[in-house]
Amino acid sequence: MSADPAQLGLLEDAASPIGAWRVRASARARRLAVRVLPGGLVEIVVPRGTRPRAVEQFVSRHRRWIERTLDLYRPADAAAPGGLPEQVNFPAIGRSYRLRYASAAGAPRLRAGQDSITLVGAADRPATLRHALQRFAMREAHAALGPWLADLSAATGLRYERMQIRRQRTRWGSCSPSGTISLNACLIFQPAPVVNYLLVHELAHTRHMNHSRRFWRLVERFEPRWRELDAALTRGWREVPAWALA
């Protein structure tokens, strides 16, 4: 009997104190592995043919680590992942919007004002409204992070080739050997000093593609508080609302 998603019911009793989770059988997996994803999802990756009992024992051995990591990744807001918020806050740019909903047929539409957002769409299709809100957050991230990174590049003399905004599930940012900096759209939900540190961090990778002493000395040259801010970024997934991760 292999441990695939169809066997999840056999394992739920063992894992229910941990939170939402899934088992994924992979032909490429050589051993059992666990990933905790932002939003509070635990994924157990297993080789095909793994027995449910082996998965239960694996979860039991790693339970403490999973629980500690979940505390970092579980959103602080109490809203259900599929729910819609009453307010949207973007601490990175100091913007806050009250949300209003108007039921109407057709594709969802979003109208943003100075301090409010009106979402127009079918009330019985909350997923489409949530996706419209996610697209709005992505646009705000593009508008804010692009100029921010360019200004820091000019100020520090650390040059990059191009920037892209994505919705990575685990990384806040990355820098490729060719100088492409990828930033997570969810940075828009972080405090401005934390965002600034992450941008400095990725710009420093244009000089050092590692985390060597020289890399950290370069980061410290432009951000002396990097240790404090790096710790805040590690906890940063808790600041991302559940609706943005769904």
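Which residues of β3 lie on one side and which on the other, and are they buried or exposed? Leu 41, Glu 43, Val 45 and Pro 47 lie on one side of β3 and Val 42, Ile 44 and Val 46 on the other, and all are buried (under 20% relative accessible area, with exposed over 50% and partly exposed in between, for a 1.4 Å probe and protein chains only). The model is predicted, so local features need pLDDT of at least 70 and side-chain atom pairs count only at pLDDT 80 or more, while totals for chains, interfaces and linings use all residues. Residues are numbered from 1 along each chain as its sequence is written, and side-chain values use heavy atoms, leaving out hydrogens and water.

**Strand β3 and its partners**
- Strand β3 covers residues 41–47 (strands are DSSP runs of E, at least two residues; helices are runs of H or I, at least four; both are numbered from the N terminus).
- β1 (residues 21–26) runs parallel to β3, joined by six bridges (strands pair if DSSP finds at least two bridges between them).
- Val 23 stands opposite Ile 44 in β3.
- β2 (residues 33–37) pairs with β3 in the antiparallel sense over five bridges, and Val 36 stands opposite Val 42.
- Three residues separate β2 and β3 in a hairpin, where Gly 39 in the turn has a positive phi of about 105°.

**Helices α4 and α5**
- In α4, Leu 145, Trp 148, Leu 149, Leu 152, Ser 153 and Thr 156 meet residues of α5, including Ala 192, Val 195 and Leu 199 (contact means heavy atoms within 4.5 Å).
- The residues of this contact divide into nine nonpolar, three polar and no charged (Ala, Val, Leu, Ile, Met, Phe, Trp, Tyr, Cys and Pro count as nonpolar, Asp, Glu, Lys and Arg as charged, and the others, Gly among them, as polar).
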